[in-house]
Amino acid sequence: MVGGSAEVWRSYDRHITSTWSGDKPQDRGSVSASLWAQYRHNDDWQTRGVVTLAHQNWDKLNLLRGSAELRYKETLICGPSVALALNKPAAYSGVHKSDLTTLGFSCRLELGGIIRTTVREADEAAVKYVGQVPDVATPRDVAPSD
């Protein structure tokens, strides 16, 4: 399975008053585009690789991100990730470009599929059989009378 996605985060509030850890207010917008490929080993296990190009408005940093995921029943998802800086904006003068590389590992629990299945099964169980409904002629099925 192969796919792609894109995201854009934009604030339309021109009166930003909040800060992060005492910093001046920033445009926290970003844009990213991802390509991914997933291999299904069996009904329970899949692996997925994701490559993302991203831009952060607050520091003008462009990134190439990559991650590998081991997915159990599309619910428990774990794997390593790396983000490499493609440029070195002025905000990072005095910082070596390699110091902008971020290595990580994440595990997450996605319950959307379980919740959707549970709700669908509850809805289906609530449907009551009322028997077969006879065919009913609609006005367009009846020939006009003279």
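Predicted model: local features only at pLDDT ≥ 70, side-chain atom pairs only at ≥ 80, totals over all residues.
Me: Where do I start? Which elements does the protein have, and in what order do they run from the N terminus?

Reply: Start with the secondary structure. Here the protein has 1 helix and 6 strands. From the N terminus on, the order is β-β-β-β-β-β-α.

Me: How many disulfides does a search of the whole structure find?

Reply: The general idea is to look for cysteine sulfur atoms within 2.5 Å. In this model the search finds 1 disulfide. Cys78 and Cys107 form the pair, with their sulfur atoms 2.1 Å apart.

Me: Which parts of the chain does the pair link?

Reply: Distant ones. Cys78 sits in strand 5, residues 76–85. Cys107 sits in strand 6, residues 102–109.

Me: Why does Cys107 count as partly exposed?

Reply: Check relative accessibility. Buried means under 20%, exposed means over 50%, and partly exposed lies in between. Cys107 has 49% relative accessibility, so Cys107 counts as partly exposed.

Me: What share of the protein counts as buried?

Reply: Of the 146 residues, 18% count as buried.

Me: Which residues make up the largest nonpolar core?

Reply: To read a core, look for buried nonpolar residues joined through side-chain atoms. The largest one here has 5 residues in all: Ala54, Leu61, Leu63, Ala85 and Leu100.

Me: Take Leu61. Which residues does Leu61 touch, leaving out those up to four places away in sequence?

Reply: Leu61 touches Ala54, His55, Gln56, Ala85, Asn87, Pro89, Tyr92 and Leu100.

Me: And contacts across the whole protein? What share join residues at least 24 apart?

Reply: Count contacts between residues at least 6 apart in sequence; of these, 41% join residues at least 24 apart.

Me: Now the second largest pocket. How much space lies in it?

Reply: About 230 Å³. Next, read the lining. It has 19 residues, and Gly66, Ser67, Pro80, Ser81 and Ser106 lie nearest the centre of the pocket.

Me: Which strands supply at least two residues each of that lining?

Reply: Strand 3 (45–56), strand 4 (61–72), strand 5 and strand 6. Strand 5 gives the largest share, 7 residues.

Me: How do the lining residues divide by type?

Reply: The lining of the second largest pocket has 8 nonpolar, 8 polar and 3 charged residues.

Technical notes
Residues numbered from 1 in each chain as written. Heavy atoms only, no water. Helix = DSSP H or I, 4+ residues; strand = E, 2+ residues; numbered from the N terminus. Buried < 20%, exposed > 50% of the residue type's maximum accessible area, 1.4 Å probe, protein only. 1 Å grid on protein atoms, 1.4 Å probe; cavity = no way out; pocket = protein on both sides within 12 Å on 5 of 7 lines; lining within 4 Å. Points joined across faces, edges and corners; volume = space filled by probe spheres on them. Nonpolar A, V, L, I, M, F, W, Y, C, P; charged D, E, K, R; others polar. Core = buried A, V, L, I, M, F, W, Y, C linked by side-chain atoms within 4.5 Å. Contact = heavy atoms within 4.5 Å.
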